[in-house]
Amino acid sequence: RAVLGRRHTTVGAWGFLLYIVAFMTLAAAGEWMFLPLFLFFAFVVVSTVGENLVSIPGTTLPSNVAAPGEIGAYNGAYQTMMNAAWLIGMFGGGVVLSAVGDPLILWAILVAPAVPASVLLHLLARKIPTKANRA
């Protein structure tokens with residue numbers, strides 16, 4: 001209910017920001033052993049909220065911008081791209097995990113794609129109709 005009436009693109013960008021905060025906090029807790037148990041539980045809460053925020057526009061925005069007779073095609077293309085990105089992410093993440101030793105640098109590299117994703121969501125907000133961009 002907290003996101004009803006807000007722009008999908010803004011909700012998604014906040015979700016990405018929460019992902020960045022959660023994973024960098026987890027990296028810092030592991031690196032410096034600063035309240036690791038507390039920060040792990042905080043990580044779970046913040047990353048879960050981030051995932052929920054990202055999933056809202058991810059599941060409805062493609063349908064909202066599709067032509068009435070093309071909703072299935074838009075959702076199919078979107079899911080294909082998401083699955084391809086997931087596969088590339090798994091491979092790229094494995095390469096990073098095996099190549100980088102410092103946890104802070106490692107997690108910074110792993111969450112770096114969230115930054116251009118947020119920027120692209122803000123650019124997209126200018127291009128799509130306001131009605132299609134509302135949760």
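W32 belongs to helix α1, which covers residues 8-32, helices being DSSP runs of H or I with at least four residues, and strands runs of E with at least two, numbered from the N terminus. The model is predicted, so that local features need pLDDT of at least 70 and side-chain atom pairs count only at pLDDT 80 or more, while totals for chains, interfaces and linings use all residues. Residues are numbered from 1 along each chain as its sequence is written, and side-chain values use heavy atoms, with hydrogens and water left out.

W32 counts as exposed because its relative accessibility is 58%, where exposed means over 50% relative accessible area, buried under 20% and partly exposed in between, with a 1.4 Å probe and protein chains only. M33 is placed in the loop between α1 and α2 and, at 59% relative accessibility, is exposed. L35 is found in the loop between α1 and α2, but at 46% L35 counts as partly exposed.

## Backbone angles and a nonpolar patch

Most residues other than glycine have a negative phi. M33, however, has a positive phi near 50 degrees, and L35 has a positive phi near 45 degrees.

W32, F34, L35 and F38 make a nonpolar surface patch of about 520 Å². Areas come from the Shrake-Rupley method with a 1.4 Å probe, and for residues only the protein chains shown count as cover.

## P57 in helix α2

P57 sits in helix α2, residues 36-65, and is buried because its relative accessibility is 6%. Apart from neighbours within four places in sequence, P57 is in contact (heavy atoms within 4.5 Å) with H8, V11, G12 and P62. Between P57 and A22, 35 residues apart in sequence, the C-alpha to C-alpha distance is 20 Å.

## The chain as a whole

The chain has five helices and zero strands, and its C-alpha atoms fill a box of roughly 55 × 30 × 20 Å along the principal axes. Of its 135 residues, 26% are buried. The accessible surface is about 8700 Å², with 73% of this belonging to carbon and sulfur atoms. Among contacts between residues at least 6 apart in sequence, 76% join residues at least 24 apart.

Key:
Patch = residues over 30% accessible without salt bridge, like charges linked within 9 Å, V, L, I, M, F, W, Y side chains within 5 Å. Salt bridge = Lys/Arg side-chain N within 4 Å of Asp/Glu carboxyl O.
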